[in-house]
Amino acid sequence: MRAVEKHFGDLHVLKTINLTVHRGEVVVVIGPSGSGKSTLCRTINRLETIDSGEILVDGTPLPEEGKALAKLRADVGMVFQSFNLFAHKSVLDNVTLGPIKVRGMKSKEAKDHAMDLLRRVGVADQAAKLPAQLSGGQQQRVAIARALAMQPKVMLFDEPTSALDPEMINEVLDVMTELARSGMTMVVVTHEMGFARRAADRVVFMDQGEIVEEKDPETFFTAPESDRAKDFLGKILTH
Ligand SMILES: Nc1ncnc2c1ncn2[C@@H]1O[C@H](COP(=O)(O)OP(=O)(O)OP(=O)(O)O)[C@@H](O)[C@H]1O
Ligand SMILES: [Mg+2]
């Protein structure tokens, strides 16, 4: 992201954002509510447009529309807070649909690949069920498998565990940690500091639409530089 600016009306939500995520790098984005974390994620696969600046994925500027945009979206996997699976399709069909429709994969190959992914995230035994028949943690792991099925170049996670019951948070974080170790390029918005310490190469701290600080996790959590980061960490680490 180069000098990215974004407004919602009078509100300046992204202020001159410069951010490079290297191949295989895991970047955790944290910051107060309303600081622009979700907006930043959403601009990367163009769910939100930007006012000015530039966003490149693997060296290619984000396409404006059409086929090129669909292809870009397939290269950028996204997992949201709410597991937006297709409610009337089986778990397996949720995972095979994109590869068949967008990537033109043959049905048998898509199924085999989907089952491998469902195994990887630990829900292969749920493949024939509908999403509503799964727990929240299981659904979110299916959502991760579905995004991975498109063989994305980068995965974006926007608070993937914040809608989950506490006992289901770790099963999703474990899958994400494994993914990080496997070399996936990841941008993760999360308040899970354990995950950030364990899996992140870099922590990006945002406040009021700006990137205020970028550090390796150990340095960020033990010796934050800015008053804004100190204040934020003081609030989240004490409860
Ligand atoms: N579609 C929209 N229209 C107008 N304002 C918006 C829109 N989406 C977000 N905003 C505003 O932009 C700001 C940044 O929102 P954003 O969702 O990116 O914050 P966030 O850091 O993800 O917050 P949270 O931690 O609560 O998820 C907020 O003030 C929000 O109210
Ligand atoms: Mg958000």
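Which residue in β2 is the bridge partner of histidine 7? In β2, that partner is histidine 12.

Some housekeeping. This is a predicted model, where local features need pLDDT of at least 70 and side-chain atom pairs count only at pLDDT 80 or more, while totals for chains, interfaces and linings use all residues. Residues are numbered from 1 along each chain as its sequence is written, chains are lettered from A and ligands numbered from 1 in the order in which they are written, and side-chain values use heavy atoms, with hydrogens and water left out.

Now the sheet. Strand β1, residues 2-8, is joined to β2 by 4 bridges, and the two run antiparallel. Strands and helices here are DSSP runs numbered from the N terminus (E, at least two residues, for strands; H or I, at least four, for helices), and two strands pair if DSSP finds at least two bridges between them. The open sheet has 3 strands in the order β2-β1-β4, with antiparallel pairing. At its edges are β2 (11-17) and β4 (52-54), each pairing on one side only.

Helix α1, residues 37-44, lies across β1 and β2, where contact means heavy atoms within 4.5 Å.

Last, the helix pair. Helix α4 (residues 107-120) packs with helix α5 (residues 136-149) at about 140°, their axes 9 Å apart. Axes are lines fitted to C-alpha atoms, for helices over the stretch in contact, and angles run from 0 to 180 degrees between N-to-C directions. In α4, His113, Leu117, Leu118 and Arg120 meet Val142, Ala145, Leu148 and Ala149 of α5.
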